[in-house]
Amino acid sequence: MRVEQFLQDSSRRFPEKLAVVAGDKRFTFKEIDDASGRLAAALGRHGVMRGDRVVIFMDNRWEAVVSIFAVLKAGAVFSPINPSTKADKLAYMLKNCRAAALITLEPLLPVARDAMAGALSVKLVVVTGAADKPDVRGGVRFEDALAGPGAGPLTDAAGFEPDLAMLIYTSGSTGVPKGVMMTHQNVVAAATSITTYLENTPDDIILNVLPISFDYGLYQVLMAMRVGATLVLEKSFAFPQAILNKIAAEKVTGLPLVPTMAAILLQMKDVKPGAYPHLRYITNTAAALPPAHITRLQELFPQTRLYSMYGVTECKRCTYLPPEQLAKRPGSVGVAIPGTEAYVVDDAGQRVSPGTVGELVIRGPHVMQGYWEDPDATGRALRRVAFLTEKLLHTGDLFRADEEGFLYFVARKDDIIKTRGEKVSPKEIENVLYALAGIREAAVIGVPDAILGMAIKAVVVSTNAAMQEQDVIRHCARHLEEFMIPKFVEFRDALPKTDSGKISRRLIDPQPLEAAK
Amino acid sequence: MQTDIEHKIRQFITDNFLFREDRAALSDTESLLDAGVIDSTGVLELVAFLETEFGLAVDDADIVPENLDSISKIAGYIKGKTA
């Protein structure tokens with residue numbers, strides 16, 4: 001099965017059923033299927049071929065859902081990129097994957113145009129919301145693309161299951177994003193496994209406010225289309241009451257969260273316990289919820305099953321805790337998802353006994369094919385093991401298991417910071433800091449934060465005495481995505497070094513934080 | 001009085017959020033969300049500011065875009081609460 005068949009099958013089974021709710025717009029499966037077929041045909045007419053990479057640079061909107069399936073129907077590979085990405089980084093990714101096309105929205109066009117200046121592979125830019133023909137190389141209005149005829153079903157010659165379906169860029173410890181390669185088989189395996197343990201059905205109504213550039217958000221789209229459930233897309237969790245109102249109005253049954261969103265929900269004073277009886281499940285991933293938050297969520301949503309989960313982009317999802325285990329082991333992220341294996345090994349690759357900390361490794365049909373054109377990083381993550389036919393994914397996360405095999409996250413092996421549910425490479429931020437005139441030394445660390453999980457702190461040595469915290473943050477905001485911008489900046493005279501003279505993030509003493517409100 | 005409320009809100013937003021952006025000004029009616037000026041933690045900070053600065057108790061039900069998503073909406077909300 002290929003991923004676009006999720007939508008095509010649901011459209012055949014439930015043509016008139018509600019597929020996507022986005023703002024005040026509502027679309028049936030047939031409408032999304034038709035629109036994506038038309039866009040696929042337009043991509044083909046403009047030269048997008050099988051295997052070409054197409055970057056989707058959009059926020060959570062219905063056009064993004066249509067775009068994902070259109071790219072797949074055209075036999076191409078989609079890469080969703082966070083809409084707060086700045087031109088330099090977008091340019092890097094466009095060049096890295098030699099994107100053939102870009103699909104975006106009018107307000108992001110200036111960023112896209114800057115990024116394309118150095119990315120000559122991009123021949124087509126489909127823009128939604130543009131009044132006239134978009135003023136960019138290869139510019140086409142999304143609305144015009146949709147006005148043409150639709151594409152027929154793909155033949156095997158135009159694409160089959162082992163083809164690459166998507167490229168998801170993720171932060172690496174080197175500070176340069178890496179493209180995680182997922183085939184149709186990988187995506188179908190992951191989506192099937194997850195919808196199995198969540199027991200998703202066509203009756204589900206899933207509210208997704210997580211960015212679709214983030215695999216957790218993206219899979220909400222894919223899984224809803226797979227089971228024929230309704231997807232309610234929201235752009236922001238900034239107004240949690242508005243989200244709760246939407247949950248009530250749409251009778252939402254599934255709500256994916258990250259710990260930051262849970263913390264924000266729990267800060268609300270007036271949520272009445274039991275007010276959302278339709279909500280069948282809440283999922284959490286990215287980092288474990290504090291046990292106190294689990295208790296509070298269960299009080300507020302007594303009819304709702306709460307799933308603690310854990311994943312890495314390299315295999316989408318690793319583990320989930322069956323909700324009935326939550327009371328017994330609130331700190332655990334559970335067991336391997338159905339049809340896969342997850343266990344802890346030592347440095348020699350041997351399985352360790354319960355209670356011993358080691359690296360979590362993953363086996364299964366959901367494991368990526370590697371990082372796009374990065375054999376070294378691929379070789380470190382995917383390792384050949386004597387008795388296995390496939391390669392074993394090394395997550396870079398330290399775990400332990402209890403006597404019954406339930407897994408517990410311990411720490412990252414590298415310095416990657418998890419903030420607001422996203423992985424951030426300190427190196428990537430340090431690279432940006434060094435580009436600010438006057439910065440002589442820079443180190444980025446995570447400091448505990450009740451809302452963000454970890455907050456990003458930049459510790460810098462500046463030769464410019466007039467430099468202020470705001471100057472540093474403004475500079476970062478110009479070059480980094482929203483979630484990577486440091487919350488705190490500290491100026492020092494010197495940074496601690498290792499014996500070899502390298503700046504040591506670990507030797508920087510995190511300052512005590514103001515208590516969260 | 002009117003300009004004072006709007007001025008204080010604008011000052012808070014400029015000091016705390018707008019300095020990140022490469023832009024000179026934000027219109028009174030522009031959506032803070034759409035402009036990328038404010039996010040989830042930003043709204044929490046904004047509410048804490050309104051409660052301290054104007055001595056209000058902001059109910060959860062009031063923390064919605066209709067009340068807080070632009071400088072003029074915030075000002076209107078405060079005037080309604082303090083009237």
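The model is predicted: local features need pLDDT of at least 70, side-chain atom pairs count only at pLDDT 80 or more, and totals for chains, interfaces and linings use all residues. Residues are numbered from 1 along each chain as its sequence is written, while chains are lettered from A and ligands numbered from 1 in the order in which they are written. Helices (H or I, at least four residues) and strands (E, at least two) are DSSP runs, numbered from the N terminus.

**Chain A against chain B**

- The two chains meet through 22 residues of chain A and 20 residues of chain B. Two residues are in contact if their C-beta atoms, placed from the backbone, lie within 7 Å.
- On the chain A side, α9 (240-250), α10 (259-267) and α14 (469-479) are the elements that give two or more residues.
- By class, the chain A side has 11 nonpolar, five polar and six charged residues. Ala, Val, Leu, Ile, Met, Phe, Trp, Tyr, Cys and Pro count as nonpolar, Asp, Glu, Lys and Arg as charged, and the others, Gly among them, as polar.

**Chain B**

- Chain B has four helices and zero strands.
- Of its 83 residues, 24% count as buried. A residue is buried if 20 or more other C-beta atoms lie within 10 Å of its own, exposed if 12 or fewer, and partly exposed in between; C-beta atoms are placed from the backbone.
- Among contacts in chain B between residues at least 6 apart in sequence, 56% join residues at least 24 apart.

**Helix α4 of chain A**

- The axes of α4 (residues 87-97) and α5 (residues 109-116) of chain A come within 8 Å and cross at roughly 55 degrees. Axes are lines fitted to C-alpha atoms, for helices over the stretch in contact, and angles run from 0 to 180 degrees between N-to-C directions.
- α4(A) and α5(A) are therefore oblique to each other. Angles under 35 degrees count as roughly parallel, over 145 as roughly antiparallel, 65 to 115 as roughly perpendicular and the rest as oblique.
- From α4(A), the contact uses A:Ala87, A:Leu90, A:Ala91 and A:Leu94; from α5(A), A:Val111, A:Asp114, A:Ala115 and A:Met116.
- These contact residues divide into seven nonpolar, no polar and one charged.
- Buried residues of α4(A) include A:Lys89, A:Met93, A:Asn96 and A:Cys97.
- The buried residues of α4(A) pack against β3, β4 (77-81), α5, β8 (164-170) and β9 (178-183) of chain A.
- A:Arg98 follows α4(A) and has a positive phi, near 50 degrees.

**Nonpolar core**

- The largest nonpolar core has 195 residues, of which A:Leu43, A:Val54 and A:Ala101 touch the most other members. A nonpolar core is a set of buried Ala, Val, Leu, Ile, Met, Phe, Trp, Tyr and Cys residues joined through C-beta atoms within 7 Å.
- Leaving aside neighbours within four places in sequence, A:Val54 has contacts that include A:Leu43, A:Val71, A:Phe78, A:Ala101 and A:Ile103.

**Two loop residues of chain A**

- A:Asn60 lies in the loop between β3 (53-57) and α3 (62-73). A:Asn60 is buried, with 23 other C-beta atoms within 10 Å.
- Not counting residues up to four places away in sequence, A:Asn60 touches A:Asn208, A:Pro211, A:Ile212, A:Leu233, A:Glu234 and A:Lys235.
- A:Asp374 sits in the loop between β19 (370-371) and α12 (375-381). A:Asp374 counts as partly exposed, with 18 C-beta neighbours inside 10 Å.
- A:Asp374 and A:Val180 are 194 residues apart in sequence and 9.9 Å apart in space, C-alpha to C-alpha.
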